[in-house]
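Me: I have a model open and some questions about how it is put together. Let us take them in turn.

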Amino acid sequence: MLDWLLIGGGVHGTHLSLALTARLGWPRDRVRVLDPHPEPLALWSRQTANAGMAFMRSSLVHHLALDPYGLKRFARSPEAAGVARFAPPYRRPSYALFQAHAERVVCAHALDALRVQGRAVRLRRVASGWRVETQAGALNARRVVLAVGNTERPCWPGWALALHEAGGTVDHLFGAAFDRAAVPDGERTAVVGGGISAAQAATALARRGPTVLVSRHAARVHQLDADPGWLGPKRMAGFRLEPCPVAGRTAIDGARHRGSVPPDVLRRLQRAVRRDGLERVTAEVEAAEAGPLGTVRLALRRPDGAASASLVDRVVLATGFEASRPGGAWLDAAVEAEGLPLAPCGFPRLGRSLAWAPGLYAAGPLAELELGPTARNVAGARAAADRLPAA
Ligand SMILES: Cc1cc2nc3c(=O)[nH]c(=O)nc-3n(C[C@H](O)[C@H](O)[C@H](O)COP(=O)(O)OP(=O)(O)OC[C@H]3O[C@@H](n4cnc5c(N)ncnc54)[C@H](O)[C@@H]3O)c2cc1C
């Protein structure tokens, strides 16, 4: 029986596996990370590459290593030559630097050797821990961490699903089937979304062909996706003392700048309008239909009520992820069978150590009622690691 099984080996699961083995003293051969992808961070790397980000939104202390200044030090090493760039404010590392550093951390600590390839499909309590079933057999562990995130569940609006079913060319920026680099040059593309990833993807696609960015609201400019006070005691002290999960959920929803764009990303977008002819339209997509020769016709409604249409070759959704509780049917069944406590919003009610039940822990969005609005970010992975017990 393992001491720890982490379900999900992305940003959170990978950082937590490092913290458990290299800081909290758990023996390496007693810790495993279950994930369907062969490599650590596979989903993160695909989604961020598709978004086309130049710099991280988060600061230089938010990365996968244990020492908060590990990335800063790495930036001075020969390995980081050519990618060691930072952007103000908060000295945000270039995306390439973050990725090179993550690769170094995984390699230096042989974190890939902790992985078991597979997908959790069932979770049940057993005598001395938990049993996780996968398509390739069962794993038993005294302690399990749910680090599945919500990143496998891109949000598809109803009109886009209908278009997809009708055979129209529509992809989600974060979908498993989409590769932005494979979009043929010269295609007319509509990017639908109003946040940072929509702005980044539209900016990148505009260099390759005629592009229209359709957003239902004007740009909401915020440097971070939540006030930086949420990263420390300034805002978290009060949040921690809040006993009511309904008030906690209200605080989280109010703190998140959903669909927002940092100033530098907005400047790049505006430059793409001037230099590359990127078109920006503020409108709601009301419907979409497959047109002649593989085209797609988008029916738009502007804020003043005026209707218009846009004819494109391809639609790329940058509409984020579903807001519902991560995990899906197998976790829903475990909640039911094991009587795991939920808040009225459907998310886990956890203890201070992030325990949902004896030996069952949660991280990422599943832990946000405990860790606050930044739980799903890199900072949230680091905060979760601080709560897990030492050997
Ligand atoms: C484009 C983009 C840019 C971002 N930029 C930043 C940023 O600059 N700074 C920041 O702090 N945050 C950022 N974030 C937010 C956040 O840090 C990332 O979404 C991050 O990947 C979340 O980590 P995660 O471990 O929850 O998800 P992931 O890294 O996607 O990992 C989850 C893993 O769990 C696996 N999994 C799911 N279900 C199962 C199952 N049943 N069994 C086994 N494994 C399973 C998945 O396949 C996946 O490998 C960004 C997010 C996106 C999408």
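Me: Is Leu-342 buried, exposed or partly exposed?
Reply: This is a predicted model, so the count is taken from predicted positions. Burial needs 20 or more C-beta atoms within 10 Å, and exposure needs 12 or fewer. Leu-342 has 15 C-beta neighbours inside 10 Å.

Me: Where does Leu-342 sit, and which residues is it in contact with beyond four places in sequence?
Reply: Leu-342 lies in a loop. The loop runs between α10 (329–338) and β19 (355–357). Leaving aside neighbours within four places in sequence, the contacts of Leu-342 are Val-335, Phe-347, Pro-348 and Arg-349.

Me: How many Å apart in space are Leu-342 and Pro-245?
Reply: In sequence, 97 residues separate Leu-342 and Pro-245. In space, C-alpha to C-alpha, the distance is 9.3 Å.

Me: Which residues does Ile-7 touch, beyond four places in sequence?
Reply: Ile-7 is among the residues with the most contacts inside the largest core. Leaving out residues up to four places away, Ile-7 touches Leu-34, Ala-120, Val-132, Val-144, Val-145, Leu-146, Ala-147 and Val-148.

Me: How many residues does domain 1 give to its contact with domain 2?
Reply: Domain 1 covers 2–152 + 322–387, and domain 2 covers 158–222 + 258–317. Their centres, over C-alpha atoms, are 31 Å apart. Domain 2 gives twelve residues to the contact, and domain 1 gives eight.

Me: Which element supplies the largest share of the domain 1 side?
Reply: The side of domain 1 that touches domain 2 has three nonpolar, four polar and one charged residues. Its largest share is three residues, from helix α2 (residues 42–51).

Me: Which element gives the most to the shell around the ligand?
Reply: There are 35 residues around the ligand, and Gly-8, Gly-10, Gly-149, Thr-151 and Asn-377 come nearest. The elements that give two or more residues are α1 (11–23), β2 (31–35), α2 and α12 (378–387). The top contribution is six residues, from α2.

Me: How many charged residues does the shell around the ligand have?
Reply: The shell has 15 nonpolar and 15 polar residues. The charged residues number five.

Terms used: Residues numbered from 1 in each chain as written. Predicted model: local features only at pLDDT ≥ 70, side-chain atom pairs only at ≥ 80, totals over all residues. Domains from an automatic or database assignment. Contact = placed C-beta atoms within 7 Å. Nonpolar A, V, L, I, M, F, W, Y, C, P; charged D, E, K, R; others polar. Core = buried A, V, L, I, M, F, W, Y, C linked by C-beta atoms within 7 Å. Near = placed C-beta within 6 Å.
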